[in-house]
Amino acid sequence: MKKITVIFLCIISAVFTIWYMHFEAPWTDDGAISSIGLDHPALFIIWGVLTFSALTVSELQCCKKERLKIILPLIGISALGMALTLIFRFDYDIKPDYYLHCAGSLIFSVVEGAAVFLIFFFNKSKTFAAMTAIIMLSDLVFLFIFKENGLIETVPVFAGYIMLSLETLRKEKYEAAR
């Protein structure tokens, strides 16, 4: 896939996410992506598909062919997590839906973070691998301190967009120099 397509998809997804988050204050519980999705379910599905697609095509663009056997199963598990997140409502009154939604969100977040970390690790992008680990750990700490909100959810995703786009550009530059 052409690098411009990958970067364009990340930009479109980031812009949509920012627009989507305007419905509530992102630093509040009501500003969480899933909370907004209760009032705007179709937009929530668009957000999920865009986010998953942007991260996946970026990962595939950055992943070395010999590492695909490790990354593809992670992408599959991540897809399952996103599907659970989008199919089941974030409605505490409907316990099975709520728990499946939360489980899916957790699966998606952790597995996507692991995939991004591994891609940077395998590509010898130690700075980006370290940044991914720091962002994931910081996000976990902030989740415990501030609870769920839109900023805690989107910072790791936006970091992934930025770092994977930069890695795409770096990889193209490296391959062109060969």
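Student: Why is Lys124 called exposed?

Tutor: In this predicted model, Lys124 has a relative accessibility of 65%. Exposed means over 50%, so Lys124 counts as exposed.

Student: Where is Lys124, and what about its phi?

Tutor: Lys124 sits in the loop between helix 5 and helix 6. Its phi is positive, about 60°, although Lys124 is not a glycine.

Student: How do you know whether Val141 is buried, partly exposed or exposed?

Tutor: Check the number: Val141 has 47% relative accessibility. Buried is under 20% and exposed is over 50%, with partly exposed in between, so Val141 counts as partly exposed. You'll find Val141 in helix 6.

Student: What makes the nonpolar surface patch with Val141?

Tutor: Val141, Phe142, Ile145 and Phe146 make that patch, and it covers about 400 Å². A patch residue needs over 30% relative accessible area, and Val141, at 47%, passes that mark.

Student: Now the largest pocket. What is its volume, and which residues are closest to its centre?

Tutor: The volume of the largest pocket is about 920 Å³. Its lining has 35 residues, and Ser105, Ser109, Val110, Asp139 and Pro156 are the closest to the centre.

Student: Which helix gives the largest share of that lining?

Tutor: Helix 5 does, with eleven residues. Among the other elements that give two or more are helix 2 (33-39) and helix 7 (150-177).

Student: What classes of residue make up the lining of the largest pocket?

Tutor: There are 23 nonpolar, eight polar and four charged residues.

Note on methods:
Residues numbered from 1 in each chain as written. Predicted model: local features only at pLDDT ≥ 70, side-chain atom pairs only at ≥ 80, totals over all residues. Heavy atoms only, no water. 1 Å grid on protein atoms, 1.4 Å probe; cavity = no way out; pocket = protein on both sides within 12 Å on 5 of 7 lines; lining within 4 Å. Points joined across faces, edges and corners; volume = space filled by probe spheres on them. Helix = DSSP H or I, 4+ residues; strand = E, 2+ residues; numbered from the N terminus. Nonpolar A, V, L, I, M, F, W, Y, C, P; charged D, E, K, R; others polar. Patch = residues over 30% accessible without salt bridge, like charges linked within 9 Å, V, L, I, M, F, W, Y side chains within 5 Å. Areas by Shrake-Rupley, 256 points an atom, 1.4 Å probe, with all protein chains shown as cover. Salt bridge = Lys/Arg side-chain N within 4 Å of Asp/Glu carboxyl O. Buried < 20%, exposed > 50% of the residue type's maximum accessible area, 1.4 Å probe, protein only.
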